[in-house]
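Hello,

Here is the structure you asked about, with the sequence. My notes on it follow below.

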Amino acid sequence: MLVTTRSRAVKLGAFVAGAALLLSACGGGGGNSAVQTGQAFADCDANPNTCNTAAADQLQDGGDVTYAIEKNIPNWNVVSAEGNVFETGEVTKGILPYTFYATPDLKPVLNKDFVESADVTSTNPQVVTYKINPKAVWSDGTPFSADDFVYNWKTQNGKDCPDCAAASTSGYDQVSSVVGSDGGKTVTATFSKPFTDWRQLWSSSGAMYPAHLAAQHGDTTTPAGLAASFKWFGTTVPTWSGGPWKISKFVNNQSVTMVPNDKFWGAKPKLASVVFRVITDATQEPTALQNNEVQAIYPQPQVDLVNQVKNMPNISSYIGLGLQWEHFDLNLKSKALGDKALRQALFTAVNRKDMIAKTVGQFTDKVQPLNNHNFMPQQAGYKDVISSTGQGTGDIDKAKKILTDAGYKINGTQLMDPSGAAVPALRIRYTVGNQIRQNECELFAQAAAQLGVKVNVSSTDDLGTTTTTGDYDIIVFAWVSSPFVFGGAVQNWTTGQGNNYGKYSNPQVDNLIGQANAETDQTKAADLLNQADQLMANDAYVLPLYQKPTFLAASDKIANMRNNSTLDGPVYNMAEWGLRK
């Protein structure tokens with residue numbers, strides 16, 4: 001969850017094994033109005049994959065679009081733990097080849113520019129066969145081949161290159177061999193055990209780097225050489241490309257300029273350039289949009305920001321829901337929170353509907369409480385595993401009964417545990433400058449106070465370090481995901497995994513998620529994952545709050561740009577963008 005599941009996280013804003021820790025700028029005030037403004041995105045709810053479409057003959061030849069991003073690009077290797085951040089994924093989308101990508105309706109689609117086909121050709125053992133597009137070449141003329149698949153497998157399987165620090169090993173660690181044939185144009189991947197989300201491999205949530213350039217910067221037959229080349233891809237601005245765009249200029253902390261790749265074999269971009277402008281203060285993005293310094297912005301929505309944009313002339317905006325979700329996490333290494341009854345009571349006292357109304361509900365009426373930890377409501381596997389627990393309802397009487405049944409007593413304003421000791425004050429944390437999350441934490445603290453539990457609210461300016469070191473009792477953040485939920489579930493919820501920051505461990509959950517991750521029948525896999533999810537919900541480790549809204553605002557002159565609330569973002573089809581005549 002990239003930003004995956006790609007669920008991943010290291011430093012602030014990074015993706016971990018499939019997920020991203022997201023920051024928002026400050027916001028406040030305003031009324032409930034914006035879902036869509038202007039005309040360009042009017043059809044996006046009904047037709048998410050085709051809204052704002054214009055035929056090629058309706059577009060200018062050439063033209064430039066400047067698109068705002070909120071972080072600089074300090075590391076260019078998007079499949080590394082350090083480089084796996086959403087903005088890096090956006091900037092490299094046009095230059096990296098990949099097998100599958102996510103469309104705005106949250107479904108994986110084969111990238112036929114790169115591979116003509118990708119099919120399961122055996123189930124015992126599981127074998128996936130890829131046919132590389134025979135026209136596909138790197139920008140220096142080197143043909144794509146099985147070598148590229150092999151290199152990117154070795155750097156991400158956790159075995160051939162222990163020092164590569166890949167953002168995720170999920171799925172790659174279940175591949176036993178990758179073999180080329182037909183002059184390297186056919187790739188056969190054999191699995192040691194089935195991998196439900198096999199389409200996630202070499203996909204846009206972990207796109208591919210050129211093996212022939214890697215070999216120039218390290219011996220790719222050795223762990224040390226693989227690590228050296230993997231590091232080189234992170235520290236070197238790409239002058240090469242395997243997609244429709246190439247980087248023509250990078251100004252550190254300012255911008256990345258893309259121009260069409262003249263060696264690209266598919267449909268050529270209509271635009272002359274796309275500039276990614278770095279604006280780290282999201283509150284400045286509406287001003288830049290209004291002044292035509294940028295023509296498109298994709299910030300995390302805050303009330304003031306949304307309200308500033310909605311009345312701008314010749315600008316359309318859209319609020320979408322997809323594979324980003326907000327949640328409260330508990331640290332089970334916190335002594336008091338090791339007790340399930342206290343966890344259940346705290347989550348039951350939280351009123352999610354009220355919390356939504358006082359935060360994101362101020363700028364959109366789309367958001368509802370989320371009742372699953374893995375599937376979103378638009379996905380086929382979605383099942384409500386939360387409502388039956390009573391968590392998120394704000395039912396204080398029920399929460400108190402959970403505590404008293406477990407032997408707790410409320411002594412005035414102080415909760416006493418079954419041994420008679422006072423439950424200590426807890427710390428809830430959020431990313432600094434994020435008004436919505438600050439409000440969510442304060443509402444949590446108010447609910448806990450009604451149970452006799454004091455919760456102190458504090459911010460962090462390094463969410464990645466805070467989560468990975470467990471420097472919290474309770475924390476609020478969001479995952480950004482790909483459509484591949486099963487590998488993400490392994491990373492997020494099973495014992496000892498990197499994204500499992502709160503150290504949750506339930507052997508039944510581990511077993512069910514493991515079965516789901518190795519089940520080739522998607523319906524059975526979803527059922528197994530939901531069984532695990534129900535157990536986890538009962539254990540009260542993570543409380544899903546809501547699908548986190550995304551916000552796209554752009555000039556009405558830009559055609560074929562649309563929201564995509566996945567790891568791929570609005571740039572998923574940037575080769576199709578153009579300016580209307």
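Buried residues make up 61% of the 581 residues in the protein; buried means under 20% relative accessible area, exposed over 50%, and partly exposed in between (1.4 Å probe, protein chains only). This is a predicted model, in which local features need pLDDT of at least 70 and side-chain atom pairs count only at pLDDT 80 or more, while totals for chains, interfaces and linings use all residues. Residues are numbered from 1 along each chain as its sequence is written, and side-chain values use heavy atoms, with hydrogens and water left out.

The protein has 14 helices and 25 strands, taken as DSSP runs (helices H or I, at least four residues; strands E, at least two) and numbered from the N terminus.

Strand S21 (residues 474–480) is largely enclosed by the rest of the structure, because seven of its seven residues are buried. Ile 474, Val 476, Ala 478 and Val 480 point one way from S21, and Ile 475, Phe 477 and Trp 479 point the other way. S21 pairs with strand S16 (residues 324–330) in the antiparallel sense over seven bridges, and with strand S19 (residues 426–431) in the parallel sense over two bridges; pairing requires at least two DSSP bridges between the strands. Opposite Ile 474 stand Leu 330 and Ile 428.

Helix H2 (residues 146–154) is mostly covered, with seven of its nine residues buried. Among them are Phe 149, Tyr 151 and Trp 153. The buried residues of H2 pack against several elements, including strand S7 (115–123) and helix H4 (223–235), where contact means heavy atoms within 4.5 Å.

Regards
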